[in-house]
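Hello,

Here is the structure I said I would pass on. Please open it first, then read the notes below.

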Amino acid sequence: MKDLLLITPPFTQLNTPYPATCYLKGFLNTKNISSFQMDLGIEVILDLFSKKTFQELFELASKNNSITSENAQRIYSLRDAYLQPLDDVIAFLQGKKSTFARQICTDHFLPQASRFDQLDELDWAFGNMGMQDKAKHLATLYLEDLSDFIVECIDDNFGFSRYAERLGQSANSFDELYEQLQSQPTYIDTFTLNILEEKLKTIQPKLVCFSVPFPGNLYSAFRCAQHIKANYPHIKIAMGGGFPNTELRSVTDTRVFEFFDFITLDDGELPIELLHHHIENPNNQEFKRTFLLENGQVVYKNNSPKPDYKQSEVGTPDYSDLHLDKYISVIEIANPMHSLWSDGRWNKLTMAHGCYWGKCTFCDISLDYIKIYEPIAAKLLVDRMEQLIEQTGENGFHFVDEAAPPALMKALALEIIKRKLTVTWWTNIRFEKNFTKDLCLLLKASGCIAVSGGLEVASDRLLALIDKGVTVAQVAQVTRHFTEANIMVHAYLMYGYPTQTIQETVDSLEMVRQLFEIGVLQSGFWHQFALTAHSPIGLNPSEYHIIPNTKPITFANNDIAFTDTTGIDHNQFSFGLKKSLFNYMHGIGFELPLQDWFDFKIPKTTIQPDYIHNCLETDVHFNIKPTAKILWLGSTPLVTETSKTKKGQTYYALQATFHSTTDTFTITLDKHHGTWFLNALETLRPNNPQLPAFSDLKKDFETQFEDFELFWFSKPMNVLRENGLLLL
């Protein structure tokens with residue numbers, strides 16, 4: 001028996017839990033409030049994608065005469081071939097039968113329907129990279145074939161990472177969703193509700209909290225809440241998460257509260273704690289950012305004087321209760337960054353609440369989750385990492401920041417290296433100038449394998465209008481720094497931004513082409529601009545020359561339809577932009593005219609073909625900040641003394657041989673300089689709590705010798721600078 005039951009409704013990711021309930025449970029632990037969490041999505045998927053269930057499902061589809069398309073007929077006729085390996089394929093994707101990869105990769109082992117039409121890309125995507133990844137991709141296509149069968153023949157709302165998403169997208173009115181909820185539960189609903197019912201009987205919670213991150217979770221949350229209301233009227237029900245935080249900030253439809261007692265906004269820790277107090281003692285009427293029904297009207301209660309908890313006070317995320325060994329790793333498309341999102345189990349953490357930049361005009365910067373910026377100390381972050389490694393057995397981390405701050409990333413990396421942790425991590429960033437080559441090398445040394453960031457529209461005029469704070473040239477330089485450090489770079493790309501011209505779209509594509517061709521981008525994805533109610537553009541549309549379509553809103557208010565006064569149909573670019581990017585990620589098509597990607601006439605680009613190349617032609621900078629810290633990541637050298645006599649005078653030198661994981665190199669220094677430097681080298685290691693600054697080394701050097709800069713930029717020191725001697 002627990003006080004709270006925390007639920008992520010179907011469906012989010014298949015490979016790892018969505019972190020919201022883990023964050024909440026970690027906080028509730030600090031308050032001694034008992035809770036149990038469950039990811040209904042993965043439990044439903046595992047029940048559904050089993051040999052036993054699909055046997056029933058094929059029979060049901062046949063009985064209903066719903067097998068009409070050629071693709072569905074093919075799957076049905078091959079049903080025995082689909083059923084036989086199903087349980088083993090799921091086990092393989094759970095990491096339990098690695099040797100099964102060889103069988104999956106055998107020609108004609110898995111039955112194939114329409115999803116396998118894309119197999120031509122396999123040689124590029126996987127090549128000799130490894131049988132496990134190729135097998136995961138084939139197994140994913142096999143499951144997607146079965147998913148297509150469900151959608152056509154059983155439940156057209158189904159989707160692996162979403163359910164009835166259409167009902168939640170831009171749902172300004174509650175009418176359609178409400179109507180759907182009056183009908184009988186769907187085939188998928190029965191799985192969801194059976195699992196929920198079993199858990200309710202076991203846990204017997206006083207409060208059930210649904211975290212609804214996306215539109216594709218909304219319908220299931222309401223269907224589950226409906227079941228609880230009908231069968232357990234004494235249990236209170238709350239909803240929070242990304243969807244209500246952005247979409248339901250002005251909800252007025254009272255019918256919503258036939259399903260939920262409370263809807264909380266923004267950071268959930270304090271609102272949930274106060275709801276628990278209220279349920280324990282109904283006379284306690286203190287609430288934080290909470291909608292509820294009062295005298296037949298929707299009211300917003302924010303009467304608690306208590307401040308939100310600091311990030312240092314919310315505890316470490318807690319993954320207990322979740323079936324961590326049952327998540328399935330899938331590789332849906334051959335995109336290197338998408339494989340990070342869908343393959344492998346990642347512990348989720350946040351370096352900093354909110355965004356340290358907080359200016360982008362398309363972003364929800366008026367909302368707390370963006371505008372309230374609060375970083376977490378690196379030592380506390382690594383403490384939490386160690387706790388999660390111990391709890392989950394996983395040492396992979398996805399930092400889910402809006403934009404991780406470079407200074408904190410540096411401190412985090414130093415702390416990881418200092419503690420000699422072996423971890424793998426990735427995060428989202430801004431492509432800002434503070435990401436120097438040396439910082440990127442440090443991040444790589446700490447376990448960073450990838451970053452994603454918004455290039456948005458590759459046009460300096462539009463980047464300025466967005467208030468992105470970067471230029472295309474700067475993005476090129478930063479992406480090169482990451483790439484040279486062997487950190488994969490994924491760029492979010494945007495088209496259709498207000499006032500964007502056709503010429504700017506074409507020029508933006510040319511910039512992207514060059515970035516991929518020169519090799520500083522490895523992955524990317526085009527998104528069409530969407531107007532949101534809480535962004536600067538949504539709040540002041542006339543300043544951006546767009547006209548929003550206004551209509552009464554009683555339910556979800558976030559995505560806003562609008563008219564761009566340029567009159568340009570940006571939809572027409574969608575296919576060509578995505579097709580070209582797909583080819584560029586394959587490393588092909590760079591020589592083709594941009595016109596070849598489109599079936600309508602476009603203007604020629606005005607960007608010079610060597611624009612990005614010239615951006616990367618940078619001069620060597622001899623100016624170094626005196627406060628820059630100096631760090632040595634390499635090994636302790638083997639030192640021998642040598643001498644050479646010239647014109648009757650003997651010169652003594654030190655030869656220092658360094659071994660790295662992949663190389664061995666030797667430098668030779670004048671004996672006096674060498675002795676000083678090798679002594680100084682010991683102070684430059686990560687375990688030194690106070691790394692010396694450039695000015696400190698210069699001052700110490702010049703107590704014995706002259707001209708530190710001449711020494712620092714000498715050939716031996718340049719060799720060390722290329723092999724782990726970093727300026728930070």
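**Strands and helices**

L6 has Q37, a residue of β2, as its bridge partner. This comes from a predicted model, so treat the positions below as computed from that model.

The two strands β1 (residues 4-8) and β2 are paired in parallel, and five bridges link them. In general, strands in a sheet are held in pairs by backbone hydrogen bonds, in either a parallel or an antiparallel sense.

Two helices pack on the sheet here. Helix α2, covering residues 40-48, touches β1 and β2, and the angle between its direction and that of β2 is about 45°. Helix α12, covering residues 187-203, touches β1, β2 and also β5 (207-211). The direction of α12 makes about 170° with that of β2.

Which strands make up the whole sheet, and in what order? The sheet is open and has seven strands, arranged as β2-β1-β5-β6-β7-β8-β9, with mixed pairing. At its edges are β2 (35-39) and β9 (297-301), each of which pairs on one side only. From one strand to the next, the twist averages 25°.

Further along the chain there is another pair to look at. Strand β22 (residues 649-659) and strand β23 (residues 664-670) run antiparallel and are joined by seven bridges. Within this pair, A653 has D670 in β23 as its bridge partner. How many residues lie between β22 and β23 in the hairpin they form? There are four.

Regards

Key
Residues are numbered from 1 along each chain as its sequence is written. This is a predicted model: local features need pLDDT of at least 70, side-chain atom pairs count only at pLDDT 80 or more; totals for chains, interfaces and linings use all residues. Side-chain values use heavy atoms; hydrogens and water are left out. Two strands pair if DSSP finds at least two bridges between them. Axes are lines fitted to C-alpha atoms, for helices over the stretch in contact, and angles run from 0 to 180 degrees between N-to-C directions. Contact means heavy atoms within 4.5 Å.
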